[in-house]
Structures are given as structure tokens and as C-alpha cells.
Amino acid sequence: MRRDSGFGPIRGALAALALGIAGPVGAEIVDITPDRADRLPVDLLTGIQFAQNDHGFKRDALYLDLLRPVTDVATPVVVFVLGSGWQPIERERVLPQLTRLAEAGFAVATVDYRGIGEAQFPVPQEDVKRAIRFLRANADSFNIDPDAMALMGNSAGGHIALLAGLSDEDAFGPGTGTGPEDSSAAVQAIAAIYPAIYVDEMAPEGLGLVNQHFGLMAGDPANADAVAPGLPETHIDAGDPPVFLVHGTADPIVPVDQSVRLHDALAGAGVDATLLRVEGLGHSIEDTMTTRQVEEGLVSFFERTLRPGG
């Protein structure tokens, strides 16, 4: 049986106009029965300060923006770390690409971190952990579930997210400055979009940024011990949270093989790991987040890991 969506009269009026059938224009009243979309309304809180730096260079404070599903129920939260070659970021730029997650019932926080020109490794990782601690300590104020938190990031942001999420509680923090340092920085899930993983093996055009991030020549074997704490694989253990990796086969900046290797290392350690390998996809957050299978995969992953009881 064909279902009447309530738009039949509207379509009829438009068809009549297209065919040139005479009739009054804009003189029709159309009554419809609401058919609610299968998604939640979303609101946005901007410029929330989560940290104050004691000796900030260029900026003394760090902020986050928060997309929140409009609901009375406390929601899981995904902390998103935007990649930009470990350089200072515009955290709000990616908000439109993350709205679908909020509509699916997950709060999404895009967070500041100090990058190249302001700080070196491991300060960005410390800053992201500070954001997690802040959100957990203020969960009631933001109507989020402190026991259902995830990290997500793309490219260099994926590298930071993996390090912050896989590392032990006492690694990369609490850093300098003031904040809710007594709260845990642990997360229940990690999603990384074409992450930079084996950064000491990056191509020359990317290795320059890696060197600035670490403050040394990362590809030099003589610096291997200093770089090792900045490689996600060195932090893997069986107690790590589930990891969801997304990587395109046509990525010209971070080879997809990096995610394959990390997936195998995670699985070999007994960690719940999934790699969504996308044929022909490059190094673009816009293209990635508008790929239907990626969107559905992320929502399914967060449903499973952050709302396991339904």
C-alpha cells in the first residue's frame, strides 16, 4: 500500500506549475500531518573555557565548542580533535561535519590544543586530556554521561586522539595550568580518521611538520627513543578501549597501510579494533564524513561502545 506522506498536494501544485497549467499561484493552503525525522534536534554552546595556562604563549586559555542533542537524558560525548598538521586549529570549522553524530544522540565537543609555534609534544596530548577531565567533572552541567566518553580525530588530530586514548592515566598529563585535574581522562572508545600513526616514517613533505611537533628530527634513528612515546603502537595493551579506524585507499598524505598496521597491532594485543578501508577516498574530513558507510559505521560504533545497553 502506498503511504501518503502528506506532500501530495504540494507535489501536485508544483507539477501543475511545471506543466504550465493555469491556476492561482501561492493561493493554496496545504494541511499536513507531521512525520518526525529520525534524528534529534541539536543546540550549540560555543567558547567554553576548559583550561587556563600558567605561562601561555600567544593564548593563555583553551576553549571548546559543544554540539548537544536536545534531550532530557544525559548523552554520551565524543571529544573531537581536529587535525591540521599539529598546527594551531580553528576548532569550529569541522562542526558542520559532526552534526550527524549529535543528531544521532551523541554530544560532540571540538577542542582547542596548543600546536606548532606554541608548544611541542606532548603538550597537545596533555591539552586534550585536560578537555576530557573538564567535561567529566562538569557532566551534570552539560547533560552528558561521564561514563560514556570517546575520543575522535582526523589526521594529526587522529594521532593526538590515539595517544590520549591509548595511553595510561598518568601519561600526558595533567600538564601545567589549572583545571579539574582529579577527574579521569580515560575514554570508553576511540575513532581515528586517516590518522598519522607511524609519524617517524612520514614522507618528506609531512616529516617537516612532525619534526616541529617533536622538536627534533623524528626520522633520525638516533632519536628513536625520544620519538617512541609519540607512537600510538607503543601504548597498546589489552585493556585499551575499542578503536575504530577509517582510512581511504587514495590518501596521498598518510598511507592507508599505517592504519592496517595499527589495526593488526591492536588486534594482536586483544583490543577490539575495526578498520573501515574506503576505496578511492583521499585525505578530506568533508569527503569522509559525507560518505554514507563512514557515517553509519561511526554511529554504529558509538552506539555499541557508549550505549551498550541500548
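Are Phe301 and Phe302 buried or exposed? Both Phe301 and Phe302 are buried (under 20% relative accessible area; exposed is over 50%, partly exposed in between, with a 1.4 Å probe and protein chains only).

Ground rules first: I am on a predicted model, where local features need pLDDT of at least 70, side-chain atom pairs count only at pLDDT 80 or more, and totals for chains, interfaces and linings use all residues. Residues are numbered from 1 along each chain as its sequence is written, and side-chain values use heavy atoms, with hydrogens and water left out.

Next I looked up ring pairs: rings of Phe, Tyr and Trp (its six-membered ring) pair if their centres lie within 6.5 Å, and planes under 30 degrees apart count as stacked, over 60 as edge-to-face and the rest as tilted. By this rule I get 6 aromatic pairs. One of them is Phe106 with Phe302, tilted, at 5.8 Å centre to centre and 55 degrees between the planes. Phe106 lies in the loop between helix H2 (95-103) and strand S4 (107-111) and Phe302 in helix H10 (residues 292-306), so this pair ties together parts 196 residues apart in sequence. (Helices are DSSP runs of H or I, at least four residues, strands of E, at least two, numbered from the N terminus.)

I checked accessibility: Phe106 is buried at 0%, and Phe302 has a relative accessible area of 0%. Phe301 and Phe302 also pair, tilted, 5.4 Å centre to centre with 50 degrees between the planes. I noted Phe106, Phe244, Phe301 and Phe302 as one aromatic cluster.

Last, charges over rings (NZ of Lys or CZ of Arg within 6 Å of the ring centre and within 35 degrees of the ring normal). I found Arg307 over the face of Phe106, 4.4 Å from the ring centre. The charged end of Arg261 sits over the Tyr198 ring, 3.8 Å from its centre.
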